[in-house]
Amino acid sequence: MGSDSIHPAIRLERLTALPDRRAALAALEEIFFASTTRTEFASDAERAAFLDTWTGWFVTQAPDDVWMALAGDDDRRIVGYLTGCKDSAGAVDLARRIPKYDVFADHFAAYPAHFHINVRPGWRDHGLGRRLIDRFVEDCAADRLPGVHLVTAVFARNVDFYQRAGFTNACQRGPLLFLGRCL
Ligand SMILES: CC(C)(COP(=O)(O)OP(=O)(O)OC[C@H]1O[C@@H](n2cnc3c(N)ncnc32)[C@H](O)[C@@H]1OP(=O)(O)O)[C@@H](O)C(=O)NCCC(=O)NCCS
């Protein structure tokens, strides 16, 4: 089923194309916390650090590769996002932040790009996630990258979703699952 028939007005924009960066990042934060499985934080500072660990590098160092899904003409109505990195091996500061970043480092040459994605509850299952991924993959192909990957959990519900999006080259290490797509 095509997403365009359900939400005809959804459009995808780079973070750098949105005039109100502060509103966009507030929406990203909301969607991030509505999507993460971690709900307990000892303090506001710990909560902010958790957000920074997973999104900080992308929004500051690679904002062109942060894609937002917007509902309608209202630039503040953000319903999903993808944070991408086109050079996983070269993103040394990112490797320092993200736990277990190096587990699949031997695959970074074949699949240099990677991403994280979250869709706002209530907007899931309408094809937005697939559209965000397809847009980032298209951008990576235009840059002539050989592949894109993501890392998820072996038993995560989203595994089928990624495999349907073409991420079929799998490598399991402990509880982590690497899924790669050649371009
Ligand atoms: C995974 C996710 C990004 C997909 O976006 P989406 O817009 O719902 O995706 P699409 O409509 O293109 O495809 C639907 C598929 O998404 C997956 N999905 C839907 N809701 C989900 C949820 N709450 N958690 C995990 N995966 C989900 C399913 O595989 C679904 O296919 P199904 O019909 O076989 O169940 C989105 O559901 C989400 O944000 N989930 C929670 C957070 C998450 O898992 N993020 C990825 C972390 S690695």
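Q: How do the residues of the shell around the ligand divide into nonpolar, polar and charged?
A: Ala, Val, Leu, Ile, Met, Phe, Trp, Tyr, Cys and Pro count as nonpolar, Asp, Glu, Lys and Arg as charged, and the others, Gly among them, as polar. Here the shell has four nonpolar, seven polar and five charged residues. This is a predicted model: local features need pLDDT of at least 70, side-chain atom pairs count only at pLDDT 80 or more, and totals for chains, interfaces and linings use all residues. Residues are numbered from 1 along each chain as its sequence is written.

Q: Which of the 16 residues around the ligand come nearest?
A: A residue is near a molecule if its C-beta atom, placed from the backbone, lies within 6 Å of it. Arg124, Gly129, Arg130, Asn158 and Phe161 come nearest.

Q: Which residues have the most contacts inside the largest nonpolar core?
A: In soluble globular proteins, nonpolar side chains tend to be buried together. A nonpolar core is a set of buried Ala, Val, Leu, Ile, Met, Phe, Trp, Tyr and Cys residues joined through C-beta atoms within 7 Å; buried means that 20 or more other C-beta atoms lie within 10 Å of the residue's own. The largest such core here has 42 residues, and Met68, Ala69 and Tyr81 have the most contacts inside it.

Q: What is the average pLDDT of the protein?
A: pLDDT is the predictor's confidence in each residue, from 0 to 100. The average is 93, and 95% of the residues score at least 70. Residues 1–5 have a pLDDT below 50. Where pLDDT is low, the predicted coordinates should not be read in detail.

Terms used
A residue is buried if 20 or more other C-beta atoms lie within 10 Å of its own, exposed if 12 or fewer, and partly exposed in between; C-beta atoms are placed from the backbone. Two residues are in contact if their C-beta atoms, placed from the backbone, lie within 7 Å.
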